[in-house]
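Thanks for asking for a second pair of eyes on this one. Here are my notes, point by point, to read alongside the model.

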Amino acid sequence: MKEIKAVIQPARLPRVREAFRQIPDFPGMTVTKAEGSGYHPDKPNPPGIKSELTDYSAKVRIEILAPDDQAAELVRIIRTLCHTGRPGDGVVWVTDVELFHRIREN
């Protein structure tokens, strides 16, 4: 099992969600609002702490627990639908899950 996490532009979420709905046995996802700033070497550093503290933009964080055989396709969908080529498109990463239990099942 894999855990897929992505931080993307909020405007891209509807496209991603619609693509996921087309996948048979899609395991579901958790979506939370987030704020963040990334490293952009071509962007000048803010002049002071006030600018630094307000240099965040709205993002959406997606979390998915998926079978190993679905992970690559889910990542491909996120990368394809969220890519604009501009700074701030987001990030996606995958980690192994050692243990998974549904709480409703004993």
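How many helices and strands are there in the protein chain? The chain has three helices and four strands, where helices (H or I, at least four residues) and strands (E, at least two) are DSSP runs numbered from the N terminus.

1. **What we are looking at.** This is a predicted model, in which local features need pLDDT of at least 70 and side-chain atom pairs count only at pLDDT 80 or more, while totals for chains, interfaces and linings use all residues. Residues are numbered from 1 along each chain as its sequence is written, and side-chain values use heavy atoms, with hydrogens and water left out.

2. **Overall layout.** Read from the N terminus, the elements follow the pattern β-α-β-α-β-α-β. Of the 106 residues, 23% count as buried (buried is under 20% relative accessible area, exposed over 50%, partly exposed in between, with a 1.4 Å probe and protein chains only). Taking contacts between residues at least 6 apart in sequence, 83% join residues at least 24 apart; contact here means heavy atoms within 4.5 Å.

3. **The sheet.** The four strands make an open sheet in the order E2-E3-E1-E4, with antiparallel pairing (two strands pair if DSSP finds at least two bridges between them). E2 and strand E4 (90-96) are the edge strands, each pairing on one side only. On average, neighbouring strands are turned by 20° against each other, direction ignored. For these angles, axes are lines fitted to C-alpha atoms, for helices over the stretch in contact, and angles run from 0 to 180 degrees between N-to-C directions.

4. Helix H3 (residues 68-82) lies across E1, E3 and E4 and runs at about 5° to E1.

5. **The nonpolar core.** Which residues touch the most other members of the largest nonpolar core? In this set of 17 residues, they are Ile4, Ile8, Phe20, Ile62 and Ile78. A nonpolar core is a set of buried Ala, Val, Leu, Ile, Met, Phe, Trp, Tyr and Cys residues joined through side-chain atoms within 4.5 Å. E1, H1, E3 and H3 each give two or more residues to this core, and H3 provides the largest share, six residues. Leaving aside neighbours within four places in sequence, Ile62 is in contact with residues including Ile4, Ile8, Leu13, Val16 and Met29. E1 itself is mostly covered, with five of its seven residues buried.

6. **Gln70 and Asp25.** Gln70 sits in helix H3 and is buried, at a relative accessible area of 14%. Apart from neighbours within four places in sequence, its contacts are Ile23, Pro24, Asp25, Phe26 and Pro27. Is Asp25 buried or exposed? Asp25 is exposed, with a relative accessible area of 71%, and lies in the loop between H1 and E2. Please look at its backbone too: Asp25 has a positive phi of about 60° although it is not a glycine. Most residues other than glycine have a negative phi.

7. **A pocket to inspect.** The second largest pocket holds about 230 Å³ of space. Its lining includes Met1, Glu3, Met29, Glu63, Phe100 and Arg102, and E3 gives the largest share, three residues. On a 1 Å grid over the protein atoms alone, a pocket is an open set of points where a 1.4 Å probe fits, with protein on both sides within 12 Å along at least five of seven lines, and lining residues have an atom within 4 Å of a point. Grid points are joined across faces, edges and corners, and the volume is the space filled by probe spheres set on the points.
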